[in-house]
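I opened my notebook to go through this structure one contact at a time. Here is what I looked up, in the order I looked.

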Amino acid sequence: MVLLSRGPRPLGAWFIFVLTLLLPKMSPAQSSEIDSIRAVVKNLEQQLQKALQRIDQLEKEKAAGSAKIDQVEKSVRASQSAPSTLNPAIGMAIDATAEHRAKTGGDFNFRAAEIGISASIDPYARAYAFFTGSKEEFEVEEAAMVTTSLPWNLQVRGGRFFADFGRLAKFHPHEYAFVNTPLSLERIVGGESKADGVELSYLFPTPFFLRATAGGYNKMGAENERLDDSKARAWSRFTYLARLQTYFDLADNHSIEVGTSMAFTPSIRIPEDPHGGSRTLTGLDVTYRYQPLGSTLYQGFTLGGELFGNSERVERESGFRRMFAPGGYVYGEAKINREWAAGFLYDNAPSLASPGKKTIGYSPFLTWNLSEFNRLRLQYSYLDDKVREERSERGHQFFLQWTTVLGSHTHGFRTR
């Protein structure tokens, strides 16, 4: 069997050339045999050429098939790296406490189970929702749509969400560095800044972070009962917000975040007062962070606080008068290592009707992070109460909080 290979010149051609050189020395009978051999070799050469062409065709088809396989594999890897394009990210946070209050006694308090869902809708928007169940009720806490590709650094958010007022009012309680919502935030703002409405944000093209937000809502505040947001009403009875926020580095290890907010309701009806009145809520929040570059993210120090001011007409013994009630809180937290953190919270909560009467709170706390998804926190609080609104807001109090997270559950880069 003769093996032929691809080269500059087919082997059959060389064979014919050698035969041609030998022809003068051969007889006529041999010449006939040579012609037969030449025909066979020519036929073999044609078949070899067809075989080589077929090999080239198969190699091209293989290369094309490999390209298609690579494309499919890339698509699969892209889907795996961004699973929310096919299915939303779902998670749950469970928050409970064992507590003892000197004036009311002990309690095992199931605070909340919160289910979060988020995903990209298309290249132009994303959406998220949080459903919260507690021992009192089950509610849609947040359900909002957010644009992702508007021009001029603009972003629009609509639906039900936590309005961009202050810092801590946009947090869910299990995100706090301490156990309970500060009384100043509950009394002045109404707890979480939950609102039904729309917001427009603009990110300034500055070398540091600077963002402005404007919003309009039915009302603002989870515990705000001044207005009934289930009924249509004049636009003057809606709440309008403006906020300016910045963040910048002071040095390699030090940063600061500052924000100022104002929420204004032009008209609030007061059944006992025919004049009604407006409400202005202002806030200033400052957060300082020390994050040593030579250590991990689990070490550092955070010092944060907010100052609130509420101005509205309230009922007093002498009738309805406009009162300005200032208050706020400040806290510090030291992250010792991956597992342990400790801090202290100071709270100054005024009465809206009698701002001279306040509840002052002092709360040291200790946090043990068993893992990224499992946390225990011990807190002691002493409330020096002059307002006398609730017995649970007085005296010595002890709390043991247990918080766990299942699946994908995040509120963004806020608790840093």
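**Entry 1**

I began with Glu-393 and Arg-187, whose side chains meet in a salt bridge at 2.7 Å, N to O. This is a predicted model, so I read every distance here as belonging to a prediction. The two partners sit in distant parts of the chain: Glu-393 is in the loop between β15 and β16, Arg-187 is in helix α3, and 206 residues separate them. I checked burial too, and both Glu-393 and Arg-187 are buried.

Then I asked myself which other residue forms a salt bridge with Arg-187. I found Glu-389, with the closest N and O atoms 3.9 Å apart. Glu-389 lies in the loop between β15 (374-385) and β16 while Arg-187 lies in helix α3 (residues 183-189), so this pair ties together parts that are 202 residues apart in sequence. Glu-389 is partly exposed, with a relative accessible area of 46%. Arg-187, by contrast, has a relative accessible area of 12%, and because buried means under 20%, it counts as buried.

I looked up the total next, and the structure holds 18 salt bridges. One that I noted is Arg-338 with Glu-372, where the closest N and O atoms are 3.5 Å apart. Arg-338 lies in the loop between β12 (319-335) and β13, and Glu-372 in the loop between β14 and β15, so the pair ties together parts that are 34 residues apart in sequence. Glu-372 is partly exposed, at 46% relative accessibility. I also wrote down a network of salt bridges that links Asp-164, Lys-170, Arg-211, Arg-243 and Asp-285.

**Entry 1: rings**

How many aromatic pairs are there? I got a count of twelve. Phe-161 and Tyr-217 form an edge-to-face pair, 6.2 Å centre to centre with 70 degrees between the planes. Phe-161 is in strand β5 (residues 154-162) and Tyr-217 in strand β7 (residues 209-220), so I noted a link between distant parts of the chain, 56 residues apart. Buried or exposed, I wondered about Phe-161? It counts as buried, at 0% relative accessibility. Tyr-217 is buried as well, with a relative accessible area of 1%.

I turned to Tyr-346 and Tyr-362, a tilted pair at 5.8 Å centre to centre and 55 degrees between the planes. This pair links strand β13 (residues 340-350), which holds Tyr-346, to strand β14 (residues 358-371), which holds Tyr-362, and the two are 16 residues apart. Tyr-346 counts as partly exposed at 28% relative accessibility, and Tyr-362 counts as partly exposed at 35%.

Two more finds went on this page. Ring pairs link Tyr-176, Phe-178, Tyr-331 and Phe-365 into a cluster. Arg-233 lies over the face of Phe-238, at 4.6 Å from the ring centre.

**Entry 2: Gly-407**

I found Gly-407 in strand β16 (residues 395-407). Gly-407 counts as exposed, at 56% relative accessibility. Leaving out residues up to four places away in sequence, Gly-407 touches Ile-90 and Gly-91.

**Entry 3: the whole chain**

The protein chain has three helices and 16 strands. Of its 416 residues, 37% count as buried. Among contacts between residues at least 6 apart in sequence, 54% join residues at least 24 apart. The accessible surface comes to about 23,800 Å², with 61% of it belonging to carbon and sulfur atoms.

Definitions and conventions
Residues are numbered from 1 along each chain as its sequence is written. This is a predicted model: local features need pLDDT of at least 70, side-chain atom pairs count only at pLDDT 80 or more; totals for chains, interfaces and linings use all residues. Side-chain values use heavy atoms; hydrogens and water are left out. Rings of Phe, Tyr and Trp (its six-membered ring) pair if their centres lie within 6.5 Å; planes under 30 degrees apart count as stacked, over 60 as edge-to-face and the rest as tilted. Helices (H or I, at least four residues) and strands (E, at least two) are DSSP runs, numbered from the N terminus. Buried means under 20% relative accessible area, exposed over 50%, partly exposed in between (1.4 Å probe, protein chains only). A charge sits over a ring if NZ of Lys or CZ of Arg is within 6 Å of the ring centre and within 35 degrees of the ring normal. Contact means heavy atoms within 4.5 Å. Accessible areas come from the Shrake-Rupley method with a 1.4 Å probe; for residues, only the protein chains shown count as cover. A salt bridge is a side-chain nitrogen of Lys or Arg within 4 Å of a carboxyl oxygen of Asp or Glu.
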